[in-house]
Amino acid sequence: MSIIKTFDVVIIGAGGAGLRAAVEIPKEYSCAVLSKVFPPRSHTGTAQGGVCAALGNMEEDSPENHVFDTIKGSDYLGDQDKIEIMCYDAVRAIIELEHMGLPFSRNAEGKIAQRKFGGHTKPVDPNEPFGKRVPVDRACYSADRTGHVMLQTLYENCIKNSVNFFSEYFVTEIIIENGICKGVVAFDISTGEIIIFHSKVVMVATGGYGRVYRITSNAHVGTGDGTALIYNAGLPLEDMEFYQFHPTGLWRLGILVSEAARGEGGILKNKDGERFMARYAPSVMDLAPRDMVSRAIITEIREGRGIKGSDGTDYVFLDVSHLGKKIIDEKLPEITGFARTYLGVEPTKEPIPIQPTAHYAMGGIPTNENCEVFLNETGDIVKGLYAAGECACVSVHGANRLGTNSLLDLVVFGRRGGKAINKFLQSVELSGINRDAADKSKYAMQNILEKSGNEKVYAIRTELQESMMDFCGIFRNENDLKKMVDKIKELKEKYKNISVQDKGKIFNTDLVEALELDNLISNAESTVYGALNRKESRGAHDREDFPARDDVNWLKHTFISKNGGQEPVIKYKPVTITKYQPMERKY
Amino acid sequence: MQIQVRILRYNPEKDSKPFYQDFTLPDVSPDWRLLDVLHEIKWKYDGTLTFRRSCAHGICGSDGMKVNGKNRLACSILLKDLNMNNPILIEPLPAMPIIKDLVVDMTGFFQKYEVVKPYLITKTPPPSDHERLQSNEDAEKLFESAKCILCGCCTSSCPSTWTNENYIGPAALLKAYRFVFDTRDEGADERLDIIDNPDGIWRCHTIFNCIETCPKEINITWHLSQLKKRISTREM
């Protein structure tokens with residue numbers, strides 16, 4: 001028998017989406033926010049460069065420009081009706097953040113300052129939207145700590161609203177019975193106590209799963225627990241094969257060096273000092289979307305124009321030195337600090353060694369525009385289950401997300417989810433729950449603690465991360481992906497024979513890492529099967545054996561679900577197109 | 001390169017009191033972060049070693065700990081920047097109860113943070129369809145304080161905290177600065193009332209430990225002195 005706590009709403013995750021949703025829940029409803037770290041430790045805080053909205057504070061711009069850029073950036077896989085919702089709501093969302101207290105950098109008039117970012121453009125002639133486009137100042141920012149201050153501001157507003165936090169709680173199961181969500185099972189990391197959170201509503205806001213890759217910008221907590229829980233509950237995940245590599249991670253470490261560095265005028269250079277992006281994207285060059293820049297960097301390296309590092313791995317240069325110390329110190333202090341601390345490089349004088357780094361999951365838990373989770377590809381809903389943020393797939397990012405649109409996604413859809421939850425709560429009763437609902441989690445955890453196998457969690461995780469890098473990274477092909485499928489099967493077998501050294505109840509991070517590894521393997525599985533199945537190249541999914549985009553056969557969303565012990569089942573959902581028919585994607 | 005590490009261990013389920021344990025790591029690189037060392041131990045030698053960490057690049061504030069006598073973030077120091085002649089001494093943040101090994105109970109720290117009303121307080125409704133205006137100069141006055149990652153290094157390094165558990169501490173006071181000096185905020189008086197007492201701002205005796213330890217290099221004492229000045233002029 002487990003302790004049962006009852007709430008109207010349980011939100012899993014205290015990053016931007018979870019906190020923004022929590023702010024929206026009125027006091028008359030009880031709401032618990034569960035997070036495996038203290039809320040201000042969440043990964044939203046590492047976002048740097050900005051959040052886009054067509055405020056037009058620096059120059060003429062329009063939400064429709066933002067819509068078109070996002071659709072084109074998504075390689076036409078994003079649902080256009082949802083993209084319209086996000087980009088047209090962006091202006092209100094940013095002003096709301098300012099009203100909440102977010103300390104933005106300002107322009108000369110005292111309005112929110114804006115700068116350029118990859119893929120954000122406007123037509124030179126407003127009457128020719130499909131004519132020549134140039135980069136536009138659309139990213140609202142606070143130096144290069146935009147995510148940090150956004151997370152702080154949302155957390156501060158939760159404190160103001162007396163939001164009920166359960167920090168350092170790890171969720172092991174989302175309870176779904178007959179298409180109705182009834183709560184979650186979690187354990188208190190500091191005591192090991194297992195608790196059933198019985199609720200009318202659960203929102204999943206658990207973030208991404210970058211830790212399936214060896215080189216990643218994601219925090220250690222970025223293990224995609226929410227997407228894995230949903231997948232393991234038998235529900236579908238959408239478009240998991242679309243995983244974004246950010247072009248500029250700090251060499252060796254993968255720590256993010258924001259696109260803002262290029263937005264402010266930074267330049268990518270190969271070993272010959274050549275500004276190579278001029279060859280790949282002549283109109284916007286270094287400010288091309290991330291998928292293209294990452295591929296360009298790997299191509300430069302493959303063709304021998306990278307620089308060989310001391311450990312045998314290759315990098316290219318990001319040069320900001322010509323911007324001058326004043327701009328660097330004012331606008332890029334954090335990222336240039338990383339270069340100094342971790343690589344001993346002085347960015348005001350020398351270029352920064354960078355390499356692409358696993359960064360963002362475009363795919364995730366499929367939802368409608370109100371964050372309600374889809375039960376299937378035909379549009380049925382799981383009652384009481386919501387998802388928002390990186391773990392969700394609305395889909396506004398399609399096959400490739402534009403920089404800054406992730407922070408925007410969090411606040412736009414976090415709020416919409418919160419509003420939809422309020423409406424739902426007006427008419428719903430708490431449904432019954434079995435008192436043994438936690439038993440499965442309890443046995444699974446006990447089982448891990450009692451195992452005495454020879455396999456180690458870190459060794460399996462490292463093998464997973466390295467093979468995902470090699471076989472399911474920026475460039476993919478059938479051969480490699482099949483190897484990865486086999487590798488996942490092998491690692492799942494190995495996982496059965498793990499043992500952890502820490503057998504205790506109090507703050508057992510050995511156990512937490514074991515549970516997270518299970519989630520990573522699940523996320524790798526849905527990613528790899530999706531990638532093997534999709535026989536085209538679109539956005540971040542690049543198949544060397546199918547180099548072209550194939551709108552005839554593949555302009556559709558993947559819905560992948562688990563099938564017992566068998567191979568996952570893949571179904572499809574059409575892409576929603578409103579105004580913009582797919583065109584060739586050139587910059 | 002070989003290094004020696006000495007870690008303060010404590011598992012309340014087993015140990016009656018904390019003790020030091022030594023580890024010898026035969027093959028590490030000077031380019032490693034101290035966090036990499038902790039991971040090496042946890043993953044390859046002793047899975048029970050317990051510490052918090054997340055982003056691993058000094059933004060999330062999880063891995064504050066005492067390293068060779070000074071509060072640091074384990075992810076923000078490289079081995080080559082430490083003295084390797086002696087074992088590297090790693091202890092939990094001081095002045096906070098130990099939960100297990102390097103994990104301390106930060107409940108009190110976050111309670112004190114909440115005391116200063118760490119959110120924008122306004123009485124005038126904001127403009128309906130645009131942002132409040134603020135000069136970039138005024139915005140930048142907030143940036144250094146807004147850099148704070150709530151890691152707790154400053155508060156637990158402060159001798160005033162050690163000797164008085166009711167002192168709200170530099171991190172909470174820095175947050176008070178962040179709002180008192182925000183031109184958009186209208187809650188300065190209530191906040192200043194909260195900190196204008198012997199357990200508030202006046203417990204800061206400008207010892208400067210906070211500045212020395214802050215991993216984000218925030219000049220905390222300067223910010224606190226601005227609060228003191230503001231309170232003094234308010235009373236006159």
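This note goes through the interface between chain B and chain A, and then the interface between two domains of chain A.

1. The model is predicted, so local features need pLDDT of at least 70 and side-chain atom pairs count only at pLDDT 80 or more, while totals for chains, interfaces and linings use all residues. Residues are numbered from 1 along each chain as written, chains are lettered from A in the order written, and side-chain values use heavy atoms, without hydrogens and water.

2. Chain B brings 66 residues and chain A 54 residues to their contact, where contact means heavy atoms within 4.5 Å. The area buried between them is about 5,200 Å², with 54% from carbon and sulfur atoms; buried area is the accessible area (1.4 Å probe) lost by two parts on being put together, summed over both. B:Trp43, B:His57 and B:Glu131 supply 13% of what chain B buries against chain A, more than any other three residues.

3. Seven salt bridges cross this interface, each a side-chain nitrogen of Lys or Arg within 4 Å of a carboxyl oxygen of Asp or Glu. One of them joins B:Arg53 to A:Glu513, at 3.8 Å from N to O.

4. Within chain A, the domain assignment (automatic or from a database) gives domain 1 (248-357) and domain 2 (439-551), whose C-alpha centres lie 30 Å apart. Seven residues of domain 1 and six of domain 2 make the contact, and the two domains bury about 560 Å² between them, 63% of it on carbon and sulfur atoms. On the domain 1 side, A:Asp291, A:Arg295 and A:Arg302 lose the most area, together 69% of what that side buries.

5. Two salt bridges are found between these domains of chain A; A:Arg295 forms a salt bridge with A:Asp542, the closest N and O atoms being 3.5 Å apart.
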